[in-house]
Amino acid sequence: MDAPALAGRRRLWWWIGGGAVVALAIAAALVFQPWLLFVDVRVDDDIPLASAAPTAEPSAGATSPPAASDTAAPSTPPAPAAPVELSRGTLISHEHETTGTVRVIQLPDGSRQLVIENLDTTNGPDVHVWLSAGPVVEGFDGWFTAGGHPYVDLGMIKGNQGNQVYDIPADVDLTAYPTVDLWCVQFAVSFGAAALAAS
């Protein structure tokens, strides 16, 4: 093969190789979305004002329980007249530095909401808010804990900063899901998590 033909073939392979590198770079950018690390999305949902759930206390001076005929046990507990905080927790960091508090609030109509307050974490692709059956584990092991346990997906995170409210489905047994996890579905890793404790 003469020199001009050889040079032409080399140029062709350079163009093919260069095109493949560009295509791979574009594909990697679409998957990893590195620009999200530099973009903050702030959310400011209205947070229900809630008090701690009341606890039943015996009245002062009571020496014996009332007779069964004196009390009528309601078939279902009455709905609170105002929002009531059922549980709360504090977010810890996993793969990304994450701070904020989480609360479960019951509204007067009986519905429940997860409230995330003063959230500050890194933006990322495909991050969801989970109620998880797994424990909160600090350190590197905690990055992956939630992925091995049952969960309820409350949807995509609304933003990486601010105050956010998520509806909890009526059929969810909160005692089975004592953890809130900010879970990156795309990379199967936790950004941060909080253990819920009764208020």
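Buried means under 20% relative accessible area, exposed over 50%, and partly exposed in between (1.4 Å probe, protein chains only). The model shown here is predicted, so local features need pLDDT of at least 70 and side-chain atom pairs count only at pLDDT 80 or more, while totals for chains, interfaces and linings use all residues. Numbering starts from 1 along each chain as its sequence is written, and side-chain values use heavy atoms, with hydrogens and water left out.

**View 1. Aspartate 126, a residue with positive phi in the loop between β6 and β7.** Strands (E, at least two residues) are DSSP runs, numbered from the N terminus. This loop links β6 (112-120) to β7 (127-132). Aspartate 126 is not a glycine, yet its phi is about 60°. Its relative accessible area of 27% makes aspartate 126 partly exposed.

**View 2. Strand β7, covered on both faces.** Six of the six residues of β7 are buried. Val127, Val129 and Leu131 lie on one side, with His128, Trp130 and Ser132 on the other. In a regular strand, side chains alternate between the two faces of the sheet.

**View 3. The partners of β7: strands β10 and β8.** Two strands pair if DSSP finds at least two bridges between them. β7 and β10 are antiparallel, with six bridges; here leucine 131 has valine 180 as its bridge partner. β8 (residues 151-156) also runs antiparallel to β7, joined by four bridges, and its tyrosine 151 stands opposite serine 132.

**View 4. Alanine 188, in the loop between β10 and β11.** This loop joins β10 (179-184) and β11 (189-195). Alanine 188 has a positive phi near 50° and is partly exposed, at 38% relative accessible area.
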